[in-house]
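I opened my notebook to keep track of what I looked up today. Come along and check each entry against the model as you read.

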Amino acid sequence: MSWYRNTVWFVKGLREYTRGGYESASKRFNPADVEVDVAGRSFLVTGANSGIGKATAKEIARRGGTVHLICRNKERAEVAKEEIVTETGNQNIFLHIVDISNPKEIWKFAEKFQNEHKLNVLINNAGCMVNNRELTEDGLEKNFATNTLGTYIMTTALVPLLEKAADARVITVSSGGMLVQKLNVSDLQSESGPFDGTMVYAQNKRQQVVLTEQWAKAHRNIHFSVMHPGWADTPAVRSSMPDFYERMKNSLRTEAQGADTVLWLAVSAEAAKLPSGLFFQDRQPVPTHLPLAYTHSPPEDEEKLMEVLEEFSQKFKSVSAGI
């Protein structure tokens with residue numbers, strides 16, 4: 001079954017996820033959807049110092065939004081901020097140094113941020129694909145800590161602030177790779193069997209889709225969405241998937257093309273008219289499962305994921321309070 005899923009997914013990717021797929025899909029886009037002024041609205045973008053995160057932040061800044069950049073590396077972050085300010089002329093760009101794989105840091109940041117800022121749109125873009133099993137200082141598997149738990153804590157910690165905002169939105173950057181994975185709540189930290197970083201990443205991305213669907217049910221005043229940017233030429237793809245990059249580099253999307261649907265979900269009125277909790281690709285909702293792939297999970301597994309993440313979250317919240 002995994003062979004079938006992977007083959008169907010790759011064929012689909014060659015057709016839809018490449019630069020050619022974007023160029024074909026963009027023929028139906030309405031440019032006016034993103035030709036908007038978002039001055040006075042506040043956006044927070046994680047993983048904003050490069051790739052799709054930086055491209056998204058830059059486009060929001062061009063449209064007048066206040067942008068909070070969440071980055072791990074201070075030096076690279078300052079370079080990215082300077083680039084965004086210089087290219088857009090927007091001075092309302094703020095930098096916060098936070099490691100999304102560190103739950104205590106996220107809680108500390110979120111509690112301070114809520115007291116000092118407003119927030120209309122959260123964009124969960126930070127992610128990693130570590131190809132060998134590594135543990136963080138808290139004993140968490142690195143991919144899970146960043147892609148799943150970090151996304152969960154950042155979002156749930158900022159929900160109270162978002163609830164106060166007009167037209168509040170949360171967008172999570174997932175991956176079409178999640179289509180080859182069925183939710184697995186029995187081994188969230190990849191402790192059993194051989195470690196395959198690509199499949200662990202895909203599992204995390206499936207988890208992000210489930211999180212979005214669950215949040216949409218729980219928080220009706222916020223519009224949640226999750227999306228696939230396509231196969232884009234980003235520093236993360238080059239470093240984490242060198243073989244894939246070499247094979248596909250002439251067909252990959254630009255960073256701006258990968259960021260297009262993130263931007264559309266963040267600023268367009270049209271996106272907010274669609275139901276909350278959907279998975280998007282090229283400005284339209286798409287299925288979260290391949291045909292005959294048997295990747296649907298029972299509701300109790302989805303509930304279990306939320307319970308386990310909430311337990312982790314509260315554990316690290318109590319620890320961060322003592323820092």
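**Ground rules**

I am working from a predicted model, where local features need pLDDT of at least 70, side-chain atom pairs count only at pLDDT 80 or more, and totals for chains, interfaces and linings use all residues. Residues are numbered from 1 along each chain as its sequence is written, and side-chain values use heavy atoms, with hydrogens and water left out.

**Entry 1**

I started with helix packing. Two packed helices are described by the angle between their axes and the distance between the axes. I took helices (H or I, at least four residues) and strands (E, at least two) as DSSP runs, numbered from the N terminus. Axes are lines fitted to C-alpha atoms, for helices over the stretch in contact, and angles run from 0 to 180 degrees between N-to-C directions.

How far apart are the axes of α6 and α7, and at what angle do the helices pack? Helix α6 (residues 142-163) packs against helix α7 (residues 197-218) at about 15°, and the axes are 8 Å apart. That makes α6 roughly parallel to α7; the cut-offs are under 35 degrees for roughly parallel, over 145 for roughly antiparallel, 65 to 115 for roughly perpendicular, and oblique for the rest. I noted a right-handed crossing of α6 past α7. A crossing is right-handed if the near helix is turned clockwise from the far one by less than a right angle, and left-handed if anticlockwise.

Contact means heavy atoms within 4.5 Å. On the α6 side I found residues including Phe144, Asn147, Thr151 and Tyr152, and on the α7 side Tyr201, Asn204, Leu211 and Trp215 are among them. The residues of this α6 and α7 contact divide into six nonpolar, nine polar and no charged. For these classes, Ala, Val, Leu, Ile, Met, Phe, Trp, Tyr, Cys and Pro count as nonpolar, Asp, Glu, Lys and Arg as charged, and the others, Gly among them, as polar.

**Entry 1: α5 and α6**

Next I turned to the other side of the list. Helix α5 (residues 103-116) and α6 have axes that come within 10 Å and cross at roughly 20°. That makes α5 roughly parallel to α6, and their crossing is right-handed. From α5 the contact includes Ile106, Trp107, Phe109 and Phe113, and from α6 it includes Leu149, Ile153, Met154 and Leu161. How many residues of each class does the contact of α5 with α6 have? I wrote down 13 nonpolar, two polar and no charged.

**Entry 2: aromatic rings**

I counted 11 aromatic pairs in the structure. Rings of Phe, Tyr and Trp (its six-membered ring) pair if their centres lie within 6.5 Å; planes under 30 degrees apart count as stacked, over 60 as edge-to-face and the rest as tilted. Trp9 and Tyr17 are a tilted pair, 6.2 Å centre to centre with 55° between the planes. Buried means under 20% relative accessible area, exposed over 50%, and partly exposed in between (1.4 Å probe, protein chains only). Trp9 is buried at 17%, and Tyr17 is buried at 0%.

Trp215 and Phe224 have ring centres 5.8 Å apart and planes at 35°, so this pair is tilted. Trp215 is buried at 3%, and Phe224 is buried at 0%. I also listed one aromatic cluster, formed by Trp9, Phe10, Tyr17, Trp231 and Phe244.

**Entry 3: positive phi**

Which loop holds Ser190? I found Ser190 between β5 (168-173) and α7. Ser190 is not a glycine, yet its phi is positive, about 55°. Ser190 is buried, with 15% relative accessible area.

Asp282, also not a glycine, has a positive phi near 50°. Asp282 lies in the loop between β7 (278-281) and β8 (284-285), and it is buried at 4%.

Ile60 lies in helix α3 (residues 51-62) and is buried at 0%. Leaving aside neighbours within four places in sequence, Ile60 has contacts that include Val38, Phe43, Ile123 and Leu263.

Arg5 lies in helix α1 (residues 2-16). Is Arg5 buried or exposed? Arg5 is buried, at 14%. Not counting residues up to four places away in sequence, Arg5 touches Val180, Lys182, Leu290, Ala293, Tyr294 and Thr295.
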